[in-house]
Every structure is written in C-alpha cells, then in structure tokens.
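Please keep the sequence and the 3D view side by side while you read.

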Amino acid sequence: MRPLEYFAAFLSLKAKFPVWLVFSFLAYVATSVVTIALSNTLTSDRTPSWWKILLCSASPIATYTYFQIDMVSQALANLFTAAFALGVLHCLTLTDKGHIQRTSWILVILAVFSVLSKETSYGIIFAGSGVLLLRHRHTVLIPIVCILLLVAALVGWTLSANSHFDVSAGTHYGFK
C-alpha cells in the first residue's frame with residue numbers, strides 16, 4: 001500500500017491534470033537539494049551550486065519516472081529517505097538533550113512519510129535508527145522505538161497479507 005502515490009493519483013483524477021507529474025518533478029528536485037546538502041555535510045563545501053542540483057535532478061531514470069505514475073512513490077521515498085539520512089547525521093552531532101529529542105521526533109515524521117512512500121526505504125530507516133540508538137541511547141529511545149515498531153509492523157503485515165510472498169525475478173512484492 002502506497003497511500004502517498006494513491007493520493008497523487010486521486011488528485012490527478014479529480015483535477016483532470018497530471019498532478020502526479022508535478023509531485024514527481026518536485027520530489028526529484030527536492031531530493032537533489034537534500035542530496036547536495038547531505039554531501040556538503042560530509043565535506044567542507046557548504047554552498048550547493050545550481051549545476052549540482054540540476055545534475056542530481058537529471059538522473060538516468062528521471063525521464064522514465066516523469067512519465068510513469070507508479071514511480072511517484074520512488075521519488076517521494078528518495079526525498080524522505082535522503083532527508084531522514086541528513087537528519088540522522090545532524091542528530092549525531094548534537095549534544096543538547098532537548099535538541100536531540102526534538103530532532104528525533106522530526107525523524108519519526110520523516111520515517112513515517114518514507115515508509116508510506118515505498119518499502120525500499122525500510123533498510124535506511126532501520127539503519128539510521130540503529131545508529132541513533134547506539135549514539136544517544138536513552139535520549140532517543142522512545143522515538144526510535146516508535147520508528148522500529150512501525151517498520152516491524154509494516155513488514156509483519158506485508159508478510160501476513162501475502163502468504164505467497166514471492167520475491168523472485170519479475171514479481172512485484174511488498175505494499176502495493
């Protein structure tokens with residue numbers, strides 16, 4: 001189940017305009033900005049150049065995704081997952097407990113949007129949560145447990161709803 005993708009499709013039908021195309025385009029550009037910001041946190045370069053943003057926006061699958069409504073979920077998952085990764089890196093550098101807790105709840109929101117977008121984000125959400133739990137233990141325990149329970153519940157629901165869970169080549173699996 002991909003409610004954000006279905007919402008874009010619903011809006012497209014109601015508006016009689018490809019709203020999903022706008023979602024996809026904006027998600028790719030926003031993902032590019034977040035990716036550049038993520039890259040800049042790992043280096044000393046703090047100024048995202050426009051050419052870098054445009055280069056990231058024009059990924060090899062960009063032309064394919066702009067013309068496929070079912071790829072909205074991937075564009076949104078990319079955006080929310082990249083923002084989650086950036087937030088995790090930021091939270092790892094924080095020392096004030098109040099800031100850490102506020103940031104961890106923002107990460108919960110990003111994780112929810114990410115897992116509602118597409119199931120491919122589960123791994124990054126799980127890994128980022130684990131790293132935060134190792135670094136800040138008691139300060140982020142409740143938000144991280146919320147994220148991990150959400151991911152575990154969705155994986156469990158997927159496995160129970162699809163008793164014939166087939167991940168072989170050519171099949172589609174997970175929330176649809």
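Which residues make the nonpolar surface patch of about 480 Å²? In this model, which is predicted rather than determined by experiment, the patch is formed by Trp-105, Leu-141, Ile-142, Val-145 and Leu-149. The points below place that patch in the chain as a whole, and then turn to a loop residue and to a pair of aromatic rings.

**The chain as a whole**

- The chain has eight helices and zero strands, so that, read from the N terminus on, the order of its elements is α-α-α-α-α-α-α-α.
- Of the 176 residues in the chain, 39% count as buried, while the chain exposes about 10200 Å², of which carbon and sulfur atoms supply 73%.

**The nonpolar patch**

- Helix H8, which covers residues 141-161, gives the nonpolar patch its largest share, namely four residues.
- Val-145, one of the residues that make the patch, is found in helix H8, and Val-145 counts as partly exposed because its relative accessible area is 34%, a value that lies between the limits of 20% and 50%.

**Ser-121 in its loop**

- Ser-121 has its place in the loop between helix H6 (97-117) and helix H7 (122-136).
- Is Ser-121 buried or exposed? With a relative accessible area of 2%, Ser-121 is buried, because buried means under 20%.
- The side chain of Ser-121 reaches the backbone oxygen of Lys-118 at 2.9 Å, and, if residues up to four places away in sequence are not counted, Ser-121 touches Thr-81, Ser-114 and Val-115.

**The aromatic pair**

- The structure holds one aromatic pair, in which the rings of Phe-80 and Phe-113 have their centres 5.2 Å apart and their planes at 25°, so the pair is stacked.
- Because Phe-80 lies in helix H5 (residues 72-93) and Phe-113 lies in helix H6, the pair ties together parts that are 33 residues apart in sequence.
- Phe-80 is buried, with a relative accessible area of 16%, whereas Phe-113, at 34% relative accessibility, counts as partly exposed.

Notes
Residues numbered from 1 in each chain as written. Predicted model: local features only at pLDDT ≥ 70, side-chain atom pairs only at ≥ 80, totals over all residues. Heavy atoms only, no water. Helix = DSSP H or I, 4+ residues; strand = E, 2+ residues; numbered from the N terminus. Buried < 20%, exposed > 50% of the residue type's maximum accessible area, 1.4 Å probe, protein only. Areas by Shrake-Rupley, 256 points an atom, 1.4 Å probe, with all protein chains shown as cover. Patch = residues over 30% accessible without salt bridge, like charges linked within 9 Å, V, L, I, M, F, W, Y side chains within 5 Å. Salt bridge = Lys/Arg side-chain N within 4 Å of Asp/Glu carboxyl O. Polar contact = N/O pair within 3.5 Å; in protein donor to acceptor, adjacent residues only side chain to side chain. Contact = heavy atoms within 4.5 Å. Phe/Tyr/Trp six-rings, centres within 6.5 Å; stacked < 30°, edge-to-face > 60°.
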